[in-house]
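Welcome! Take a moment to turn the model around on your screen, and then let us walk through it together.

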Amino acid sequence: MLLRENATEEKLNGRYYTQFELANYVTEWVMNDNLEIRHILEPSCGDGVFLQCLGERKLQENCEILAIEIDENESILANNRINESIRFNNYDEFAQYRINNINQGINLEAGCKVINDDFYKVYEESLNEQRFQAIVGNPPYIRYQYLSETQRKEQSFIIESNGMRANKLINSWVSFVVACVQMMDVNSRIGLVIPAELLQVKYAEDLRRFLMRNLQRTTIVTFEELVFEGVEQEVILLLGEKDNSHEQEHQLRIVQYRNVAQLINDNDLDKHEFFNVDLNESKWTKYFLKDRHIHLINNIRIDDRFLQFKDVARIEVGITTGNNDYFCVNRNQVEEYNLENVCRPLIARSVNINGIKFTMDDWHENIEKGTKTYLIDFPDIPYEEYDEGHRKYIEYGEESNQNTGYKCRIRERWYRVPSIRVSDAFFLRRNYLYPKFVINSNEVNAVSTDTMHRVTFNNEMEKKRILLSYYNSVGLAFTEIEGRSYGGGVLEILPGEVGKIILPDLRDRELVSDTIVDELIDIIDKYCRKNSDILGILDEIDNRVLVDIIGMNMNDVIEFRNMWLTLRTRRLGRGKNS
């Protein structure tokens, strides 16, 4: 973790300045002609680009604009970018100004007020009681560890008081969004520039649900290219609407543009359709797809020819060693410390996977490559009875501080890894071109670290059928829908998300014989061993499994293929920008 004292000023303050063209677009969208706007909020105004956009529309002449900025120099710059503006050195000075004017009967319903103070403090003192018809801005992107202790408490208060769970992963922009949405009037709009993390990361799940509960319509604008020059933070536009004429509706649309210039030139968001959303949905990935795709997704979820992965298997995280570098060893280390009789065969990384079956030949091939193909499993016997080589390896671990990590420290004996057991199959946690689901050969009985999920089938006799049911356009599309993408274009999927993947049900032996299952698995396995991408074999597998066996319409199969490729292409494209 980067310590606060070693962080740059930019990271500490979370400043990424919005270009004027983008700020102007957001401002134009928020200041809708149908709204009666009296109060406008800019929660973190920086050097004042949004205030300039508001000022060019002369909104300060008839509306009260309230702008907050924690940095003194920035607040001065912001104040100078809009006419009829007053700058206050802190919230207390502003509060006294307001009291004095009210006592003198002066109308405060117009003009711009720039307050040089912490947004959290201003929110707690006053803002949480106010309502705004228009909110614009670019909240700061500050990691939890860079916040002061007071700010952490204030952030947690905002999040928890709005029915969400606070944790140490949450970035400051989340609490800014929550507070701003809370302060929206019954008929109002909000336009914020925020990180693309909103769309799918785990810690933003509560926020996505919060937005669906509190906004009648939400538009997300995404960009293929990075918005901030020289900064690898991918951002989106959150354009939200509260509208009491649509009180029961909760609608979402996600619109993608190549860059800001294309967004501005298009200038017609209304041509893009909204979708009704389930308030319980935790991810929005599928809304990158077309209307017909979403209808297909909804239909296949209730089609009795298909099932969820979790209906046929239990998916759990792999073995948490606490120190993979220490507990995963290669052949040379095994021989040096005489570890063979306390080791398990290991499939530890994606490079260890050749096909969709992990065989004894695969394991031996990995051994010859010098990779770490053994997991140490020290026995539950008195330490004094350990082999001399085993004690020597444990002593080496203690001398080199291999035992100091949290997971090791909390064990009764730090060198004994818990919950080591063989699983039927493995699902790779992080994938690139396509997800890897690999069956575990009984002759190897390999184990895996937490780089892979352990899969245990409800019926061991059906394991080949379930393996076959995954490798097709439906299984691949749902993996992209349920998973999430991070830097480098990598697709990460957690055990609960694997469980939601939709698969064709191939368990009926009258539907497909064991001979055909074995034949198709061998075809896929041989192909994957020779090719880096599975795309080239999908025509054959889709035809034989989804069309011939399951009875899907070929046009629907093609649409699922297109869904997979659309989401994969977007993910890989993001990786190129990382």
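What you are looking at is a predicted model. The protein chain has 578 residues, and 57% of them count as buried. If you follow the C-alpha trace along its principal axes, it spans about 85 × 65 × 35 Å.

Let us turn to a sheet. Strands of a sheet pair through backbone hydrogen bonds, in either a parallel or an antiparallel way. Here, 5 strands make up an open sheet with mixed pairing, and their order is 12-20-17-19-15. At its edges lie strand 12 (313-317) and strand 15 (357-358), each of which pairs on one side only. Further in, strand 17 (residues 425-428) and strand 20 (residues 452-457) run antiparallel, joined by 4 bridges. To find your way between these two, look for Leu428, which stands opposite Met452 in strand 20.

Now for the surface. Which residues form a negative patch there? They are Asp387, Glu388, Glu395, Glu398 and Glu399. Glu399 makes a handy landmark, and you will find it in helix 15, which covers residues 388-399. Is Glu399 buried or exposed? With a relative accessible area of 68%, Glu399 counts as exposed, because that value is over the 50% cut-off.

Note on methods
Residues numbered from 1 in each chain as written. Predicted model: local features only at pLDDT ≥ 70, side-chain atom pairs only at ≥ 80, totals over all residues. Heavy atoms only, no water. Pairing = 2+ DSSP bridges. Patch = residues over 30% accessible without salt bridge, like charges linked within 9 Å, V, L, I, M, F, W, Y side chains within 5 Å. Areas by Shrake-Rupley, 256 points an atom, 1.4 Å probe, with all protein chains shown as cover. Salt bridge = Lys/Arg side-chain N within 4 Å of Asp/Glu carboxyl O. Lys, Arg positive; Asp, Glu negative; His and termini not counted. Charge placed at Lys NZ, Arg CZ, Asp CG, Glu CD. Buried < 20%, exposed > 50% of the residue type's maximum accessible area, 1.4 Å probe, protein only.
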